[in-house]
Amino acid sequence: MTLTSSALTAPRYLITDMDGVLWRGQEPMPGLVEFFRFLRAENVRFVCATNNASTLAEKLAERLQGWGADVTPDEIVTSSTATADYLATILPQGSRLYVVGMEGLRAPLRDRGFKIAEQDVAAAANVAAAADVAAVVVGIDWNVTYNQLKQAALLIRRGAKFIGTNSDRTFPSPEGIIPGAGALLALIETATDVKPIVIGKPEPVLYEMSLKRMNAVPGQTLVLGDRLETDILGAVRLNLKSALVLSGVTTREELTHSDYQPDWVFDDISDLIKNWAMINAQFTMHNS
Ligand SMILES: [Mg+2]
């Protein structure tokens, strides 16, 4: 190894989760503004990557900016924008899609030039239109109806690809644990015997699209998250270095029982910044 190799192998790219890392509930995490200031000062390129498919990247950026953090919409990858980026790599430009999902999913699909099919495209009178639908895309939708699920199942049975934004089975809400996108995917899978291609963590596509967004070198990229079975497992599967923060869902206790592990564990983002020099040094060692 040469003397300059440390600068080459230290993390130059960061993929960070949002909920439980950058904020908790309605409150920003302590040290949030300093965290992004630090990344800019160190010339670490970053994206904030979330399985959330219901909120526009612009809205998430506004939320962070409202707390004083310097983050642009281009630096946010949701499972919706990753779905749109992924579909653009496998379908012809302008393909028609049937969507179960909210504006946070529909807008990025339209932005990539996809056409979104009418509600009842799979109805008996509409066979030609149905044949024209290349893929059914399913994300969380608080207003989903039986008819939409029926349309989705009919189209998949006729050969449309089945894509899911994320497989989170449940979603924490003030009322308690409620069905998430994964529950909708399970319903349609049960009705069609077709397994969806899932985009969100821990499947690889969200991280692959995040790397692509930054033009990142995987060996120089650090993944940061608070949930072992999504954030960290996704990183492990792609052989990316990862750090877990204990400011969200995963506890140190859960960590001891897991058969896969992050490379580093910190209390929160402030603790991570304090230990950046150590990460740098160990990153070099791991890669030498
Ligand atoms: Mg999280």
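The paragraphs below go from the domains of this predicted model to a sheet and then to the helices around it. Residues are numbered from 1 along each chain as its sequence is written. In this predicted model, local features need pLDDT of at least 70 and side-chain atom pairs count only at pLDDT 80 or more, while totals for chains, interfaces and linings use all residues.

The chain is divided into domain 1 (5–51 + 202–287) and domain 2 (80–198), with bounds that come from an automatic or database domain assignment. The C-alpha centres of domain 1 and domain 2 lie 30 Å apart, and five residues of domain 1 are in contact with six residues of domain 2, where contact requires C-beta atoms, placed from the backbone, to lie within 7 Å. On the domain 1 side, the touching residues divide into three nonpolar, one polar and one charged; here Ala, Val, Leu, Ile, Met, Phe, Trp, Tyr, Cys and Pro count as nonpolar, Asp, Glu, Lys and Arg as charged, and the others, Gly among them, as polar.

An open sheet is formed by five strands in the order β7-β6-β8-β9-β12, with parallel pairing; strands (E, at least two residues) and helices (H or I, at least four) are DSSP runs numbered from the N terminus, and two strands pair if DSSP finds at least two bridges between them. Its edge strands, β7 (115–116) and β12 (197–198), each pair on one side only. Within the sheet, four bridges join β8 (residues 133–138) to β9 (residues 161–164), and V138 stands opposite G164 in β9. Helix α5 (residues 103–111) packs on the sheet, where α5 touches β6 (96–100), β7 and β8, and the direction of α5 makes about 170° with that of β6; such angles run from 0 to 180 degrees between N-to-C directions, the axes being lines fitted to C-alpha atoms, for helices over the stretch in contact.

The axes of α4 and α5 come within 8 Å and cross at roughly 30°, which makes α4 roughly parallel to α5, a label given to angles under 35 degrees. This contact is made by S80, T81 and A84 of α4 and G104, L105, P108, L109 and D111 of α5, and these residues divide into four nonpolar, three polar and one charged.

Helix α4 (residues 79–90) also meets helix α9 (residues 205–214), with axes that come within 9 Å and cross at roughly 80°. That makes α4 roughly perpendicular to α9, the term for angles of 65 to 115 degrees. Here S79, A82, D85 and Y86 of α4 make the contact with V205, L206 and M209 of α9, giving five nonpolar, one polar and one charged residues.

Note on methods
Parallel < 35°, antiparallel > 145°, perpendicular 65-115°, else oblique. Contact = placed C-beta atoms within 7 Å.
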